[in-house]
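Please consult the sequence and the model shown below.

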Amino acid sequence: MSHFRLALSLAGLILLGSQAFPIASADAPAPPGPIGEQSDADADATGLLTISGTVLSPDGDPAAGATVEAISRPEGRPIASRTDDRGRFRLRGIFGNVVNLHASSSDGTHQEIVTVPAAAARTAFATPIELRLSPAIAHEVVVVTSNGEAVAGAHVVASGNGFRIRGLTGEDGTAGLRLPAGEPLGGVVAWHPESGVNGLRDLEEHPLPDETRISLLPPGPHRVLVLDPEGEPVEGLELEVNARTEHSGWIVTDQIEEARVRTDAEGEAIVPWMPQENLRYVDLNILTQDWKIDRVDLERLAEGITTVHARRKVAVEGRLVMPEGVGARGLLVTGFGFGPGDRGDNPAARVRDDGRFTLHIPSDHAYVLGVADVEWASDHWSGLILGKETWEPADVTLNAYPATPLAVRVTRGPERAPVVGTWVNVSSRGIVDWVDAGGEKRSGRAGVQDWLTTDADGLARTGVGRGELELRLRSGDWTEERTIEVASGEPIEVDFFRPWLGDRQVAVSLTLDGARYEPSENLIAEAWSPRPPYLPLEFEVEARPDGTFAVGFDAEDLSVFIFDPDRRRSGFARLGPGDSEVELTMEPMASYSGLLVDDQGQPLPDRTVRLSVQSAVRKTVVARRTDERGRFRFEGAPAGIPLRLDLEDEGEDPGYFLLGVERLFEPGEVREGDRIAARRRNSSASAAGAPTPLLDQVDNICENVRVSNMHALVVLMGDDSQGVVTATGRLLDADEVRPVLGFLAVRLEADRVEAEAEQIADLGWPRPDPGEIVLVALDGNREPIAASRIDAARADDAVAVGEEFLARHGPTPHDALADLAEARRSAEETGRRVWVVLGGPRCGPCFRMARWMDDHRDALEKDYVIVKVMSGLDANAAEVIAGFPESQGQGIPWFAITEADGSILATSEGPLGNIGFPGSLEGTRHLRRMLSSTARALTADEIEGLIGPLSPSR
């Protein structure tokens with residue numbers, strides 16, 4: 001099959017998952033006359049792109065009556081057209097994601113697929129294209145009930161990369177489908193209104209069989225309730241409903257129109273075909289560009305109810321500024337928006353002749369936007385576009401400039417042979433900081449990205465904008481990441497190279513007390529290679545006659561885990577690029593027990609708690625059920641390997657999960673009484689409880705700033721008008737108002753100002769009138785420094801006044817370089833060591849660390865001169881941080897204990913990563929070891945007095 005994707009290697013950046021809004025025209029023939037020119041006034045006025053061309057049969061004759069579908073987003077109606085008697089077609093849409101054109105003859109016996117990145121669509125489809133059909137592959141889908149009886153009249157959809165083939169079963173329960181040659185089958189779903197539904201996914205991992213057999217799951221009614229942000233029902237929304245049971249993969253029915261439902265006046269829709277047994281998840285899509293889903297609430301799933309929290313979208317105009325004399329028509333503006341729920345927004349718009357574009361935007365969403373095109377790029381625009389529906393939207397203006405050519409070369413082996421068909425992801429991301437409608441400061445990282453494929457020379461080419469780029473390669477088991485900086489328009493070439501061909505081979509032998517280990521019959525062996533942010537690659541471990549094991553794998557690094565539950569022994573090792581053999585010492589396992597409680601502190605009985613290998617997702621080592629009092633016990637927990645504790649979804653109320661519960665046991669360790677608090681999945685933010693009293697908030701931040709060379713700031717809002725809310729949000733945004741980094745802030749909205757009026761008066765602070773903001777600066781002892789009343793009718797003016805106030809009354813920055821030099825001089829003179837803490841002014845654990853150090857200052861200063869470095873606040877902080885091996889992404893606080901000359905003796909990076917301010921036994925254990933190995937004056941009892949209160953046991 002001849003694919004268009006190779007001819008379009010100059011693909012621009014696109015956002016993975018951005019949506020093209022469908023214009024369905026399945027039965028409309030293409031108009032007569034020249035086609036492919038985008039001169040129609042209606043196309044430009046609505047910001048649509050036109051794809052036109054001709055479909056030819058294998059002998060070159062026009063294929064009349066053929067169907068051409070453009071599947072340009074993961075879900076939703078495809079955009080479709082039927083060819084006229086000359087084989088011509090025309091499609092119109094935004095095409096905001098990868099454009100997969102699927103052409104099929106009228107009888108489905110001949111098909112073709114063309115794949116084009118959305119950013120390349122403007123240039124790729126500027127003139128009519130030609131699609132030549134080739135013979136399709138016959139495949140049968142057999143649909144039966146759970147009792148094995150054939151189901152007639154079942155709707156069947158077979159899908160893959162760029163195609164959706166639909167069929168209807170006959171009396172024998174069989175639907176004969178035709179699939180495009182050369183394209184793997186990804187999934188099949190079958191649906192019948194009375195008999196039920198089921199689906200199969202990830203079929204591309206196996207060879208295509210002659211037939212696919214699906215057994216339908218017994219159905220029953222399920223109620224879906226759609227509510228807006230005020231809790232009011234939303235009427236008239238058409239919904240696609242997907243489901244997953246305990247024993248099934250995702251059952252995706254989005255291409256079966258008959259399976260869709262619509263909400264009534266009460267915002268309810270009944271899904272009559274939903275699987276009734278072991279239902280675990282329900283997911284939905286709204287089939288309109290006017291609404292989006294914030295989150296899907298599954299708390300009442302066991303009752304047969306799913307609640308959807310949705311939000312209306314409004315049309316917002318933006319502007320793209322092009323160089324003089326250059327047209328903007330058809331350029332793609334796209335990005336990602338973060339909202340109040342767990343679902344973001346994927347906007348996409350094509351630019352019109354005059355540079356304007358229209359985005360459909362929900363309120364209370366902050367965006368990172370950019371231009372995605374093969375020839376043009378832009379810097380990111382980021383911010384909150386629409387705080388509330390009734391507000392004036394922000395000015396969204398992008399400035400275009402020529403894209404920088406990027407070539408990615410992929411080779412391997414001694415001869416550096418090109419690797420053909422490798423997927424390369426190119427991602428340009430930006431940061432957005434904002435204050436949401438609930439007054440919370442939030443931050444997100446997003447942008448635009450694209451998947452490219454290498455050609456016969458192992459090359460993939462694209463155009464990119466300035467800034468940081470992330471490159472991710474995927475070729476079979478080969479995954480690799482690279483980050484580059486684009487600073488100019490000069491062409492860039494990046495090489496990915498792997499020196500070996502085929503699989504590496506590693507030999508593994510097991511020992512116990514220096515002798516060969518004799519395993520039991522139930523020994524379990526696992527091997528994998530981590531590849532963030534994806535699931536790890538897993539490899540088969542082969543047992544050899546001589547008692548050793550062998551692993552063949554294509555990766556830089558390998559983790560090997562041997563687990564012998566019968567003998568209560570385990571071993572773990574990591575291998576690097578140069579390792580070809582490893583000897584594993586089988587260590588005695590640990591004993592571990594604890595108590596599982598819910599978010600209210602109540603025991604959770606009859607739940608399955610499992611220990612899994614941390615870096616090998618889905619690899620459960622051992623599982624146990626909690627008793628009637630929520631207690632659990634693992635008599636055999638592997639030692640010396642990072643583990644993750646989590647919950648299985650089960651029971652009548654499956655909506656609990658564990659977050660970040662990591663454990664690392666020592667050989668033979670006994671750990672008891674570990675209290676584990678589960679979180680409720682999809683819990684509403686509105687259930688957070690009563691607000692913290694103003695004085696308590698002020699006392700807390702004043703305690704933090706007292707130990708951190710910062711000041712406290714109280715912001716009192718006079719009302720919720722656009723000027724007040726906008727100015728407050730901007731003043732608290734450190735990217736816009738840099739001096740605010742020197743403050744920790746309490747933000748009181750108008751209703752809270754009213755509720756705390758008496759307390760505000762007692763403190764002597766001015767109270768804002770409607771349309772005003774009051775700023776109050778305090779020192780660490782809660783003493784007032786200054787106060788200011790600001791008119792916020794004009795947000796720009798209010799921000800300028802507020803910024804000047806913050807700059808005048810902020811703390812005097814420390815010089816981090818001077819502080820470090822003085823600490824080293826003092827350490828040299830006094831025979832002590834230097835403890836350097838790298839933190840930030842918005843880091844909660846950093847403040848807890850500072851308070852702990854202040855509480856124990858007398859003891860710590862016996863051995864250490866302490867230096868605290870605040871990134872973004874202290875002068876020359878970046879220079880100090882650059883002198884330490886702080887790992888990106890390890891989190892803060894990060895700290896090191898050094899000699900007076902700067903030689904590093906210990907760091908906060910433990911076996912599970914950076915311990916930050918330790919809150920787990922593993923973290924406090926590492927901190928104890930840091931002190932024990934570096935202290936000279938502190939006694940063991942004094943060290944225990946420092947560490948002991950942080951953890952209940954060793």
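The term pLDDT denotes the predictor's confidence in each residue, from 0 to 100. This is a predicted model, in which local features need pLDDT of at least 70 and side-chain atom pairs count only at pLDDT 80 or more, while totals for chains, interfaces and linings use all residues. Residues are numbered from 1 along each chain as its sequence is written, and side-chain values use heavy atoms, with hydrogens and water left out.

**Confidence**

- The protein chain has a mean pLDDT of 88, and 91% of its residues reach 70 or more.
- Residues 684-688 have a pLDDT below 50, and this stretch has 2 contacts (heavy atoms within 4.5 Å) beyond near neighbours in sequence.
- Over residues 1-39 the pLDDT stays under 50, although the model has 148 contacts beyond four places in sequence for them.
- Where pLDDT is low, the predicted coordinates should not be read in detail.

Helices (H or I, at least four residues) and strands (E, at least two) are DSSP runs, numbered from the N terminus. Two strands pair if DSSP finds at least two bridges between them.

- Strand β33 (residues 423-435) pairs with β36 in the antiparallel sense over 6 bridges, and V424 has L473 of β36 as its bridge partner.
- Strand β37 (residues 478-486) runs antiparallel to β36 and is joined to it by 9 bridges.
- Within β37, E481 is the bridge partner of R472, and E480 is that of L473.
- The hairpin formed by β36 and β37 has 2 residues between the strands, and G476 in the turn shows a positive phi of about 60 degrees.

- Strand β2 (residues 49-56) runs parallel to β8, with 4 bridges joining them, and G53 stands opposite I129 in β8.
- N97 lies in the loop between β5 and β6 (99-104), and counts as buried because its relative accessibility is 6%.
- From N97 to A348 the separation is 251 residues in sequence and 8.4 Å in space, C-alpha to C-alpha.

**The helix pair**

Axes are lines fitted to C-alpha atoms, for helices over the stretch in contact, and angles run from 0 to 180 degrees between N-to-C directions.

- Helix α3 (residues 694-706) packs against helix α9 (residues 844-855) at an angle of about 70 degrees, with their axes 9 Å apart.
- That makes α3 roughly perpendicular to α9 (65 to 115 degrees; under 35 is roughly parallel, over 145 roughly antiparallel and the rest oblique).
- N700, E703, N704 and R706 of α3 make the contact with F847, R851 and D854 of α9.

How values were computed
Buried < 20%, exposed > 50% of the residue type's maximum accessible area, 1.4 Å probe, protein only.
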